[in-house]
Amino acid sequence: TMLPPGTELGKHRDPFALSMRYHLGLVCPNSDDCAIWVDGHKYSWRNGEDLVFDETYVHWAKNDTEENRIILFADFDRPVHTPMLRWFQQVFGRLVLAQTRSNNVAEEKVGVFNHVTPAIYRLKTFFIAAKEWNRTVYYAVKRTLMVGLIGLAVWLLVK
């Protein structure tokens with residue numbers, strides 16, 4: 001994956017905890033101005049050097065150099081020690097994480113989450129603007145929606 005000069009990947013994390021992330025520096029600026037922060041710790045990419053990290057920690061990256069950063073990026077299964085956890089990891093990965101697939105090749109199906117992401121982004125942008133406009137109204141609507149969703153979930157379970 002490439003991180004062009006002057007770009008930043010915002011703070012994010014993987015909430016599922018099913019995998020670990022591996023980075024290998026292939027073509028890097030070899031500068032501390034091109035780095036990733038994982039759980040508040042800074043790591044700079046260097047050619048031929050690798051990094052494994054737990055992607056459930058908040059992480060973000062920034063390239064403040066004039067060069068591209070190119071790394072090999074791979075995820076691998078998180079080591080688990082019990083048969084029940086291994087079974088859950090496999091089933092969850094097949095059923096839920098498959099819905100996050102992106103269309104990397106023409107014949108690959110796109111997961112449902114990638115179909116709804118644009119709508120979620122528009123909704124998030126709307127709520128950010130609403131919060132800036134009037135925090136009181138924002139929090140009232142947010143809490144009303146949360147209570148409504150919880151109520152709907154309980155009603156569906158009881159039904």
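These legends describe close-up views of a predicted model.

**View 1. The open sheet E1-E8-E3-E6 has four strands.** Neighbouring strands in this sheet pair in the antiparallel sense. Strand E1 (2-3) and strand E6 (50-53) stand at the edges. Each of these two has a single partner strand, so one side of each is left without a neighbour in the sheet.

**View 2. Strand E3 pairs with strand E8.** Strand E3 covers residues 19-27, and strand E8 covers residues 69-77. Eight bridges link the two strands, which are antiparallel. Met20 has Phe76 in E8 as its bridge partner. Strands of a sheet pair through backbone hydrogen bonds, either parallel or antiparallel.

**View 3. A sheet with the order E2-E7-E4-E5 is also open and has four strands.** The pairing here is antiparallel. Strand E2 (7-12) and strand E5 (41-44) are the edge strands, and each pairs on one side only. From one strand to the next, the twist averages 15°.

**View 4. Strand E4 is joined to strand E7 by five bridges.** Residues 34-38 make up strand E4, and residues 59-63 make up strand E7. The two strands run antiparallel. For Val38, the bridge partner in E7 is His59.

**View 5. Val112, Phe113, Val116 and Ile120 make a nonpolar surface patch.** The patch has an area of about 320 Å². One of its residues, Val116, lies in helix H2, which spans residues 112-133. Val116 counts as partly exposed because its relative accessibility is 35%, and partly exposed residues fall between the limits of 20% for buried and 50% for exposed.

Terms used
Residues numbered from 1 in each chain as written. Predicted model: local features only at pLDDT ≥ 70, side-chain atom pairs only at ≥ 80, totals over all residues. Heavy atoms only, no water. Pairing = 2+ DSSP bridges. Patch = residues over 30% accessible without salt bridge, like charges linked within 9 Å, V, L, I, M, F, W, Y side chains within 5 Å. Areas by Shrake-Rupley, 256 points an atom, 1.4 Å probe, with all protein chains shown as cover. Salt bridge = Lys/Arg side-chain N within 4 Å of Asp/Glu carboxyl O. Buried < 20%, exposed > 50% of the residue type's maximum accessible area, 1.4 Å probe, protein only. Axes fitted to C-alpha atoms, helices over the stretch in contact; angles between N-to-C directions.
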